[in-house]
Amino acid sequence: MTKKKKTSVEQDEPEYKLGISVKVEGEDSTDEGGIDQYGLESGDEFYQLSFIQSSPDGALDVKPATYALMTWWKVRMGNKDTIDISSDSNDSILRFDSTYIGGEIKGGGLGKKDKVEIDHIIEVNELSMLVSLYSYIAKAIPDNMANELAVSLMNLNPKLQYGSIEVYTTDAEDGQAQHFLRYRASTCLKGVKVGKVNVIENMVDLAQSNHGWILDAICQTPEYKKWLLS
């Protein structure tokens, strides 16, 4: 089972307020052919609604995909609004963490007392209305294990119902390569007229379930389990 929890970052961030203004059709409306200012068609749940977030840096537009993510995170999950929005409102990002507890997958390598801390990033691109989730273990994979683990993941990926898992390599501050275990999944909200929040919620639930299965699977190898729980 994956339990979501608030990060320490959330507790220190300033309060943000979200306002909603409704655009009424009339002589001054810029609506043409049933398309609003965000490109949404008439009949869309957010059609002709303008969402504004006030922040210490001023007012920012909260475009439809970001607002759907915000509604899931703040209203359904009951967390503080910690979504960072770019100055042009075309991109946004949410960071949070969770704990995966083993013992729920029969034959898995993790027991009920085993807990794995996972960091998550959800990125939104409003131009494509693409919502992408990245989940990773915030501890480097030893160099002598990275290649072997990457091959193991290649064999496990086809068995995943949703998303993919990879060994992600990046450069540290000292220029040395570091390897991390990263799961990723994405969904597109373009064309979804009603139920955008449900789509995001389903994406996260499916992703966490599949990611949990991967963690249980790789931990059947003692070497990987020792690294993951160390």
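Let's start at Arg182, which touches Tyr134, Ser135, Tyr136, Ser164, Ile165, Glu166 and Tyr168, leaving aside residues up to four places away in sequence. Keep in mind as you look around that this is a predicted model. You'll find Arg182 in strand 10, which covers residues 177-188. Is Arg182 buried or exposed? Its relative accessibility is 16%, and buried means under 20%, so Arg182 counts as buried.

Now move along to helix 3, residues 143-156. This helix has 14 residues and spans 21 Å from its first C-alpha to its last, close to the 20 Å expected at 1.5 Å a residue. Which of its residues are buried? In helix 3 they are Met145, Ala146, Leu149, Leu153 and Leu156. Here's a handy bit of background: an α-helix has 3.6 residues a turn, so residues three or four places apart point the same way. As for what covers the buried residues of helix 3, the cover includes strand 9 (164-171), strand 10, helix 4 (196-218) and helix 5 (222-229).

Let's follow one of those covering pieces, helix 4. Two packed helices are described by the angle between their axes and the distance between the axes. For helix 3 and helix 4, the angle is about 125° and the axes are 11 Å apart. That makes helix 3 oblique to helix 4. Their crossing is right-handed. Where they meet, Leu149, Leu153 and Leu156 in helix 3 contact Trp213, Ile214, Ala217 and Ile218 in helix 4.

Helix 4 has another partner, helix 2 (residues 64-76), and here the axes come within 8 Å and cross at roughly 65°. Helix 2 and helix 4 are therefore roughly perpendicular to each other. Helix 2 also passes helix 4 in a right-handed crossing. On the helix 2 side, the meeting residues are Ala65, Ala68, Leu69, Thr71, Trp72 and Arg76, and on the helix 4 side they are Lys196, Val197, Asn198, Ile200, Glu201 and Val204.

Our last stop is Met129, in the loop between strand 7 (115-125) and strand 8 (130-136). Met129 is in a loop, yet with a relative accessible area of 8% it is buried. What does Met129 touch? Not counting residues up to four places away in sequence, Met129 is in contact with Pro64, Ala65, Thr187, Cys188, Leu189, Lys190 and Lys196.

Definitions and conventions: Residues numbered from 1 in each chain as written. Predicted model: local features only at pLDDT ≥ 70, side-chain atom pairs only at ≥ 80, totals over all residues. Heavy atoms only, no water. Helix = DSSP H or I, 4+ residues; strand = E, 2+ residues; numbered from the N terminus. Buried < 20%, exposed > 50% of the residue type's maximum accessible area, 1.4 Å probe, protein only. Contact = heavy atoms within 4.5 Å. Expected span 1.5 Å × (residues − 1). Axes fitted to C-alpha atoms, helices over the stretch in contact; angles between N-to-C directions. Parallel < 35°, antiparallel > 145°, perpendicular 65-115°, else oblique. Left-handed = near helix turned anticlockwise from the far one by under 90°.
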